[in-house]
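Subject: Structure handover

Hello,

Here is the structure you will be working with. Please open it first, then read my notes below.

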Amino acid sequence: MSNSELRQITATAFPSSAELVLRDQSLAPIERGIGRIKTSVPAGLYVLQTQIGARSVEKLLRVADADINIKRDELRLEIPSPTPTHGTSTLNETHEEAAQYLSQNPWRSVDPCLGRLLLMVRDIRGVKGRAVRPEDVDGVTLTDFNGDTILDVAQAVRQVREDSQQQPLETKGWIAFSADLEPGTFVVRWPQPDSPSESTPRFIEQPIVIPSPGSTAMGDETPWTVCIFIHRDPATKRLLHESTRVHLTPLPTGFHGWNDESIQINLALESALTAVERGEPTAVVDLSRDDMQVLLRDKFSNPMLGIVGAHALLLRPQVNWSTFETVVNNLRRLVPGHPDVEALRAIGYSRRSADAGRSDIVIETPPMLAASYRSIVDQEWAERGLIRPGSLAEKVAGRLINCGPWTMWTAASASPVDDLIELNLTGSRGHSARGGTARGGEPPVGIDAAVIARASRWLEGVRRWAESEGSDDLELRPEHLGHALGLPPVTAERVFDLLSQP
Amino acid sequence: MSDLHFSVSIGINDYPAFDDLHHAVRDAEEFHDWVRHPQGGNVPDANAKLMSGPDSLPDDWNSLSARPRLDEVLHHLNDFRKQVEEAVRRDPDAWNRTRLYLFCSGHGIAPDADDAALLLANSDRENIGYNLPCAEVREWFQQAQSFQELLFFADCCRERIPGTPDSWLPWPRREGHNGQVRWLLGCATYFGDYAHEERREDVSPDERRGYFTRALIDGLRGAAADKFTRRVTAHRLADYVQRRVLHATAYRMRPQRPTMPSAENFDICQVDQVRLARFTVTLVFPDDYQGRVELVKDRDVETVQVNSDADREQSITLEEGIYQALSVDPSEGGDPFKRDGGKFLVVKEGQRVEL
């Protein structure tokens, strides 16, 4: 067939991060692209597939005697999100209105207000099963990073629900509260209703950073509202922490579910979070240039977009360090001292092998994004001093769990001694509850028994393997343990020493 | 015969601590059949291990007696590793002929965003760590460079369970120096989502499969092959399985979307002929339509006659693909098929096509 018998197909997807696949009559792919494709094909039947994650739309095409141009509105995809915002398939206007109202009218207010937290749990897939109620957050508390309770979340949302009866707010399908807080790092403790026994963790914990007021591009000093949205699955009644979405909005304006670019912003954010969570921009989640620009530009009104966007920049095969530095410097001005921004600075210095300025970065509290946290733990192995000894950031590193893109860890054991008896580690050689050989003495101060237990299991497994392999030259060092379990060096060394004692 | 190809297939229907599955063992058996078939994986019988638990459950079926267990699976993988490393030690060129298949079907979790971990039979909610993390095993072998090619498939859920301990293998890292390892990791579903089994009432229970395994086996047997070279490559297989499973589960609130990353595109097998899947679908013609209809796909034409109201819904078995329904008799009066001008997709069994 000559070129004159070929016809051109041009298609633009919306969002621009969607993958387009053109397929022939047997459904074999003949052309692929992110956001846009342009190709020439002979006459015939084709299907054009637009896809993000498990969402896809298809358009059947008959190519005859003319070129075909498919515009973005013909291939439009919407994706679900816990954030009640436009451009998602799960927008609920009453939820959006409630979030906006609560972000401007806190349940607990102080004057002057230097920071605010809005936490909303939503049913986003329709209500098949019981709708969300205040008792779904029974046992959830907000603590400071010393563990002292600041707020009982269930009590707060009950009060908000009662107050909402006085307001023109529809309360179906959401529970929420908002409160003014001093800037700093707080911890939300989530009970785990599925905990199988006393020996497994009954709480998981998540850091919430209320940033200090920062300077906007206009030079104003702006306090921030941290908006946290969580989806509760009505069928399983579980809060899906992994799908949590976090936004930062200027306190005076509060949360708004719509602006001219909210559709693209949300889609870009979803793509970027997926890329950051997976640690690699695969073809499907690769961010288009447009998406990246939206994230980096809109950080001025929502610095969380900039934090996620900066991580996504680091995933590019060729990092644009000039852009990265500009973004991080702007973020430092917007949300000074934010641990995620400090972690980004540290990652930047480390990746560029640049020492200047590195020494003033000391992380005390865990960043909100797991990608930030894991990076600083890795860097601590290369050069000590990034994580403050004895800080919360050091203590919980060994208890991190995988929970989507967010930093979460299991709460310290309620009874560390029980865990140690289980492992014969109480130091009373030969007299432990289960018999057998006991190793080591009292647990070192500041290291959770669960971390010691994990380390013990790992070491035991490796030793058993070495025995089965007949390998007697196995030389284990603390860094092997640290890398395997994600422990910072100080913790790994102390645990290694403890477990290596005769 | 691919004498340095090895395979471990695991299928688990019965878990003392979890709901029983129905087709996981048959999934593994079918993969085991394909992998040993001369027109399939062509793996020698001695190099292929099938692990599927006892045929009948003993009276003391519990987490202590349940099988297969993690250590058994690791033992077989380790055994095959030693065999292949010994062969490569004798003849370094032999490394270019080495491949390891790992197929898992059963309950599963996702300990990491890029992993799919099969829960072994003795796992339960208190021992969720008894799992086989396929991506981690793949990474380990990639670093050890024992095999040149790794083809791992996991037809299991990828639920995120808060509190799951980080996956670990009791194997210290090994740094191999044989060369670049090619790999494909097929996960039945997206991170955090479920993998499902077919619920087709028209098919006997023994013939049902997990959606992923069904698509995988059909793809390997030729549905994913290039029509000119007849080769099934990593990329073509990944595309075929993803599309097929997405279509089959599109009716669900959360459609199942396999993820199948690979290190590079490489040949998996060459089939004797391309065999597209065939599905029985119901065509629904417009009210009052009567006449002869041609269903056109490439150069193939199927003819359907609609003579009365009773013919308005007709079942027909067609190859997967894009069709156009053309009214040829009568040919006057414009296009009778208003929906997409008579164009339609055939992508799954039991589909209803409104023309």
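**A helix in chain A**

Helix α4 of chain A covers residues 289-297, and its buried residues are A:D291, A:M292, A:V294, A:L295 and A:L296. Buried means that 20 or more other C-beta atoms lie within 10 Å of the residue's own; exposed means 12 or fewer, partly exposed is in between, and C-beta atoms are placed from the backbone. Helices (H or I, at least four residues) and strands (E, at least two) are DSSP runs, numbered from the N terminus.

**Before you go on**

This is a predicted model: local features need pLDDT of at least 70, side-chain atom pairs count only at pLDDT 80 or more, and totals for chains, interfaces and linings use all residues. Residues are numbered from 1 along each chain as its sequence is written, while chains are lettered from A and ligands numbered from 1 in the order in which they are written.

**Chain A as a whole**

Chain A has 13 helices and 19 strands. It has 502 residues, and 46% of them count as buried. Now take its contacts with a separation of 6 or more: 64% of these join residues 24 or more positions apart. A contact means that two C-beta atoms, placed from the backbone, lie within 7 Å.

**The cores**

A nonpolar core is a set of buried Ala, Val, Leu, Ile, Met, Phe, Trp, Tyr and Cys residues joined through C-beta atoms within 7 Å. The largest one has 106 residues. Which of them touch the most other members? They are A:L118, A:A176, A:A272, A:L295, A:V308 and A:L481. A second, separate core has 83 residues, including B:F6, B:C104, B:F147 and B:L169.

**One arginine to look at**

A:R399 sits in the loop between α9 (392-395) and β18 (400-401) of chain A. Is A:R399 buried or exposed? It is buried, because 23 other C-beta atoms lie within 10 Å. A:T410 is eleven residues away along the chain, yet the C-alpha atoms of A:R399 and A:T410 are separated by 5.6 Å. Leave aside neighbours within four places in sequence. A:R399 is then in contact with A:W409, A:T410, A:D448, A:A450 and A:V451.

Two strands pair if DSSP finds at least two bridges between them.

One open sheet of chain B has three strands, in the order β14-β11-β17, with mixed pairing. β14 (313-319) and β17 (352-354) of chain B each have a single partner strand, so one side of each is left without a neighbour in the sheet. Strand β11(B), residues 278-284, pairs antiparallel with β14(B) over seven bridges. B:L283 has B:Q314 in β14(B) as its bridge partner.

Another open sheet has four strands, ordered β13-β12-β15-β16 (chain B), and its pairing is antiparallel. Its edge strands are β13 (300-306) and β16 of chain B, and each pairs on one side only. Strand β12(B), residues 291-297, is joined to β13(B) by seven bridges. B:R292 stands opposite B:Q305 in β13(B).

**Where the chains meet**

How many residues of chain B are in contact with chain A? There are 37, and they touch 37 residues of chain A. On the chain B side, α5 (234-248), β15 (321-329) and β16 (343-346) are the elements that give two or more residues.

Best wishes
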